[in-house]
Amino acid sequence: MDLNTHMTVSRITDQIWEIPTSEKEGMRVPARIYATETILTDMDSGVFEQVTNVACLPGIRRYALCMPDGHWGYGFPIGGVAAFDPDEGIISPGGVGYDVNCGMRLIRTDLTLSDVKPRLEPLMTELFRKVPAGVGSKGSVRLNRRDFDDVMRKGAKWCVEHGYGWTEDLERIEERGCINYANPSNVSDRAVERGHSQLGTLGAGNHYLEVQVVSNNRIFDMETAAAFGITGHDQIVVMVHCGSRGFGHQIASDYLKSFEKAMRRHGITVKDQQLACAPFRSPEGQDYFAAMNCAANSAFANRQVITHHIREAFTTVFGLSAEELGMHLVYDVAHNIAKVERYAEGDLVVHRKGATRAFGPGRPELPELYRRTGQPVICGGSMETGSYLLAGTKHAMHETFGSTMHGSGRTMSRAQAKKTVSGEQIRKQMEQRGIIVKAVSASGLAEEAGLAYKNISDVVETVELAGITKKVAELRPIGNIKG
Amino acid sequence: MPPSFRILEDIAVADVAFEAIGDTPSELFVAAAQAVIEMLANPMTVSKTWYRTIELEDELFTDLLFDWLSEMVYLKDAEGVVFCQATATVVHEPLRNRWRLHGELIGEVIDSTRHELRSDVKAVTKHLYEVSEHEGQWKARVVLDI
């Protein structure tokens, strides 16, 4: 096998590859990469380097993991999963990502393609108008400092209390949209100044709002789909991908800087500066955890306000209330976060960076609604190829700390994508295929072309064959909003 | 050689990397700022209606440059602006062991109907971050989170 690494990589199964501790000085556990042989061969050298660097971090348990959509990132690879003992181990912003609680949300409707197609253009126009996107976009929710502190503490719950959404939405969000250990006093004024006007905005880059259709022949598990509210017959659903915006990024930047000093105080050295960390139980570690949770809650709130605006847009175009249109939330998942979760070893600090929680049936953290099926897992593909709805499994709990992929993973740089295709070309090609695109930035659109991403179907097949997630439905795009 | 920058296409799959070059520390700061300016928006579409003076200092030259670029990212969100021009004067004060920056940023409050907006730069990272001086030429390699 011709891999982009000099390290020895051994096959455990057709989907699991292991790098032993002997391959890098300081590795405390082996590294494991979930991939088919083809995907593994195409993985960049950064994945192998970074996942083995993560394996060197204090207090890590079992394995340093990378999912099949993995590519290099800052510190941890994108697709990285690692769990640490809370007493002996660390917490690292590099294992969470700059965009804290970047995540996915899926909203179902009772509408079908034949209902929406004649009004798709006005629908996309109204969504583009209602949901701000792009550089410097500002939200419609005006918050003073005290309000923003409440958003940091309460997340999506604050939004529902203030008329943005339904009470039932909270049950269908990871952590019910509110993580308790959040302390606004651990957040800098700069972070607040960057974030307080951005609530309810999509952002830019690879973030998007997408109207999708679910056809019967693309439902793989009818029973689980029905439990998730997915009934097929060309059903229309709406997917949102965004996170904590400038607020979360500033928190990450602030703590990466302060952890450089904290590591010296605690005698920790790391292989990569972007793996800056602190003992989880240390004051610095707890301060970051509390600030990270503020950002996580703001992201849940962000997606909740966006949901409210999506419901408003559909009501405007179709003349029926969101309730009459059956616009219930399927689920909302985080794919950049660190959480304290209980496993066989006890409580562990699980870092997922470009990886999604995939809790299986019976798990108490899940709402009653999904305790029999396992949780919905929402994975976004490129804007040209479509996305997937998956379900968590019990096997994931044993294998990957209840974790799985998050999306396609990029294979081409933004600069290369823009050289290969223009935003206008992409927009026209997609329109010819029946997908309406509204984008704030033409160059941003080119950067997000489908050719810059792995084939999501290959990635999904891998996690299904590995038994850590199962396919429920494939979602085909018909309209896309980008920043 | 005037201050300049180039995009590093093979670094940073999901984000953007650039190399800035200048004949003096001040020119390096201008070149790096120009890279951020052009990442955010086409400066030709941005008017000169917003002005900000930036005064920073640090013991380390590398940290001062990092903070200068981070300030731009912060102002983009906090003030809702994009930029068309940056000037910078960087001096070393050996007695205080400090590098000091006097910079100016010029731009405009974002108007998506007039500005050719590009990428939303969200953070300056330390990934592959390197600042060097060789035979009078100053260089910096920076990866920006998009």
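Modeller: Chain A has 16 helices and 19 strands. Its radius of gyration is 21 Å, close to the 23 Å that the globule rule gives for 483 residues, so chain A is as compact as a globular protein of that length. Keep in mind that this is a predicted model. Along the principal axes, the C-alpha atoms of chain A fill a box of roughly 60 × 55 × 45 Å, and 63% of the 483 residues count as buried. If you take the contacts in chain A with a separation of 6 or more, 76% of them are between residues 24 or more positions apart.

Y208(A) has 24 other C-beta atoms within 10 Å, and a residue needs 20 or more to count as buried, so Y208(A) is buried. Who are its partners? Leaving out residues up to four places away in sequence, Y208(A) touches H241(A), M383(A), N480(A), I481(A) and K482(A). There's also A133(A): it is 75 residues from Y208(A) in sequence, yet their C-alpha atoms are 8.5 Å apart in space.

Finally, a glance at where chain A meets chain B. That contact takes 31 residues from chain A and 29 residues from chain B. On the chain A side, helix 10 of chain A gives the largest share, four residues. By class, that side has nine nonpolar, 16 polar and six charged residues.

How values were computed
Residues numbered from 1 in each chain as written. Chains lettered and ligands numbered in written order. Predicted model: local features only at pLDDT ≥ 70, side-chain atom pairs only at ≥ 80, totals over all residues. Helix = DSSP H or I, 4+ residues; strand = E, 2+ residues; numbered from the N terminus. Rg over C-alpha atoms; globule rule 2.2 N^0.38 Å. Buried ≥ 20, exposed ≤ 12 C-beta atoms within 10 Å, placed from the backbone. Contact = placed C-beta atoms within 7 Å. Nonpolar A, V, L, I, M, F, W, Y, C, P; charged D, E, K, R; others polar.
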